[in-house]
Amino acid sequence: MNDTNVCRFSGLRGLTHAEVLERRAAGLGNNAALETSRSYAQIFRENLFTFINAVFFVLSLVLFGLGRPGDSFLVIVVIFGGVLINIYQEIWAKRKLDEIALLHRPKATVLREGQEQELDPNEIVLGDLLLVRPGDQIVVDGEVVEGRLEVDEALLTGESDLIPKTVGQSVYSGSFCVTGMACFEAQKVGTQTVAYQLMVGARAFRQALTPLQQEINLIIRVCMLIACFLWILIAISFLSRSLLLEDVAQRAAVVAGLVPAGLLLAITLAYGMGAVRMVGQDVLIQQANAVESLSNVNVLCLDKTGTLTTNHLVLQSVEAIGCSEAEVRSLLGDFAASTPAGNRTNEAIAHACPGRPRPLVLEVPFSSARKWSAIAFADEPLGGYILGAPEILAPVVSLQPAVIETMQAATEHGLRVVLFAHTVEILPLKDVPEAPQLPPQLTPLAVLIFSDELRPEAYETLQGFAHAGIEVKIISGDNPQTVAALAKQAGLGPAIKVVSGQELARMDAAQVMQAAQTCNIFGRITPAQKALLVRSLRKAGGYVAMIGDGVNDVLSLKQANLAIAMESGSKAARGVADIVLLKDSFKALPYTFLEGQRIRSGILDVMKLFMVRVAVITLLIFSTAIVTDSFPLENKQSAIVTLIGVGFPTIVIPVWAKPVPLTHPSMIRSMLHFTIPATLTLTLVSLLVYLLFLVSAVLDLLPAQELTQVDYAVPRSALVTVLVLGELCLLPFLKPPTPAWVGGEPLSGDWRYTLTALLLLGVYVLIVAVPPVRDFFELARLGLHSYLFIGLVVLEWCLILRFVWRTRFLDRFLGVTLS
């Protein structure tokens, strides 16, 4: 059942229930919806119909036609089995996230039969009357029929200037109300609205990839180029030599395995699963790249009100000036009751000072840019009343030293101070409706002191940010000293540096940049200044997250790398946010940032293993061709190396990953310290073992037979064993359980990776020991002494690799810092 309230616009009743049903039956409803996530067709298309999948499918058909059903079956199971698992998990994640998004979809206020109703936007029909207040999104196109408001059309035009709208003027979906209150009639709904057409056009050509996905795309494309080059060489070899078609297909399949096609899908899946996990912490992910942003954030900007505090203002005291407190409270009560577009301050006044609504001849709605509001009563011809920030009203009001001391004492205790004043002259307020000015002289009536409750979890949350390596900046419209006092109570730390909006306005671009980086408390900041500070922090190299709950935060939310809104905040703030904190769960934020770092850390570890495998196999293909004129691996042997050395470990690595602060913005560069030494040394050791066993096979053949009859099964089996053991040894190097394994990565103390390596070693031993399985993978059974020899070689390789890592020989040789 919909919530209903009596409309504040007298004389307007809206549509009747019968009229709504009639128009909906005529197809005049607002029933067009944009997808909140990828469609099922997209999931199937992006998982199945890829270039590399097509290559594997063709190769499996060729191998089957050549009488090698085992190879064909292996290609289908390994490649398409993983694809089907990805599809299943992505569909599960999509359904879960779609259900959550539907539950938290913003509502629209519609006037029907004289009652206000909170409805889903899909329930709006043509001709409905909609009410908008500050922070509300305009969800359909229409024309103002009563009231006045200022809207932000930046999502439509790119310009953030406030546009005044009065009776008879059009408002467009995609904009939102900043100040004022109005009622408008829906004239375009569904697919006819401006916002829908813009969104459809934008989504038709835009596929935004996260920074991590872009780097992975680059790696995949480089691997694809290498694979294409090798395929061309194989084709030339087939045409110029007596190479069997079966050998060509085998080699082409091995080369195809060099392309880590599942990586991009694995990243998408990791983000989806991360988003589902975050819902359990009351965090709703609204944009696909939000998880990626979380892992990069190093600067967090937040407003005081609604984030550090609960935004439950209480009027503590009224310090009357030149009149009685009872008289002032009566005026304040009428002021709050007569203001059409309320806010938290007015609500606190109305609660403490009951009043009656009075007809108005003038209203200047509160604006975060102006930081004051004004009204003039129709039954009181002598002037009007102004409520605003003392610093803003100071130039036109005279205050006694005792009053100033009272205000200073309140701000130092973290209390909000507001000045209430009277003006005889109201012409400056209405001369230019788009830009009202303060009268030249105000008479102070009272100082209002408000308290706002600090969130119980504020201290713990700020400590969590520090643990995650995130710098916190508090940007507020309140008095700088009030903000600083509350920040100290919340445990921000002793090193607090404060800047006011007035000081910021006098700075040039370079000084603003310096202040943004060195200061952490910003008070009396306008919405435009908030956005400027966020832009400055980004230009300084920060990856900035912004938390906001009000309409005054929208500009800065749109400038941030990551926009976070509170669930109880304005619809406009929630609409532009990448993440919404359900139940206003401020305490969930440190977990959210750590979750993002955990996901990135897991993906980085997976990439290290993938890149070592791809690089080693590529180098072996070239080196064996140059040295021995042979191909190092068969298709099934390559599959064993991939599955045991990389495939199975990468299933658990993202799950077990731990949060690690971002040390370098480039993923590729951060991997070099680990991958280059591992690749070069493992390639060299593997090649030497392969050559040793090949020479042994040649010596056993001579002089009775020709060299063309050499059996490569034993050298290739030895090579597979070296590669499998080497890749399994990389797991404890990746997460060292003891100081003895520390070299390429810092000490982890996590034994799960080492135990996984031992378990997979057992799997490989079973494959080698069971004849049918060994024969299926085309492995030769080596002698016990051969396996012991290979094991000692791999152990020696581990010591050499650890030495290279610890001495940073390659780092110094390349002349760069790779870690």
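Buried means under 20% relative accessible area, exposed over 50%, and partly exposed in between (1.4 Å probe, protein chains only). This is a predicted model, where local features need pLDDT of at least 70, side-chain atom pairs count only at pLDDT 80 or more, and totals for chains, interfaces and linings use all residues. Residues are numbered from 1 along each chain as its sequence is written, and side-chain values use heavy atoms, with hydrogens and water left out.

**Exercise 1.** Classify arginine 524 as buried or exposed.

*Solution.* 
- Locate arginine 524: the loop between β19 (521-523) and α21 (527-539). Helices (H or I, at least four residues) and strands (E, at least two) are DSSP runs, numbered from the N terminus.
- Read its relative accessible area: 8%, so arginine 524 is buried.
- Check its backbone: phi is near 55°, a positive value in a residue other than glycine.

**Exercise 2.** Find what joins aspartate 128 to arginine 112.

*Solution.* 
- Apply the criterion: a salt bridge is a side-chain nitrogen of Lys or Arg within 4 Å of a carboxyl oxygen of Asp or Glu.
- Take the N to O distance: 2.7 Å, a salt bridge.
- Arginine 112 is buried at 10%.

**Exercise 3.** Describe the salt bridge between glutamate 634 and arginine 716.

*Solution.* 
- The closest N and O atoms are 2.6 Å apart.
- Glutamate 634 lies in the loop between α24 (589-628) and α25 (635-647), arginine 716 in helix α28 (residues 713-734), and the two are 82 residues apart.
- Glutamate 634 is buried at 15% relative accessibility, and arginine 716 is buried at 11%.
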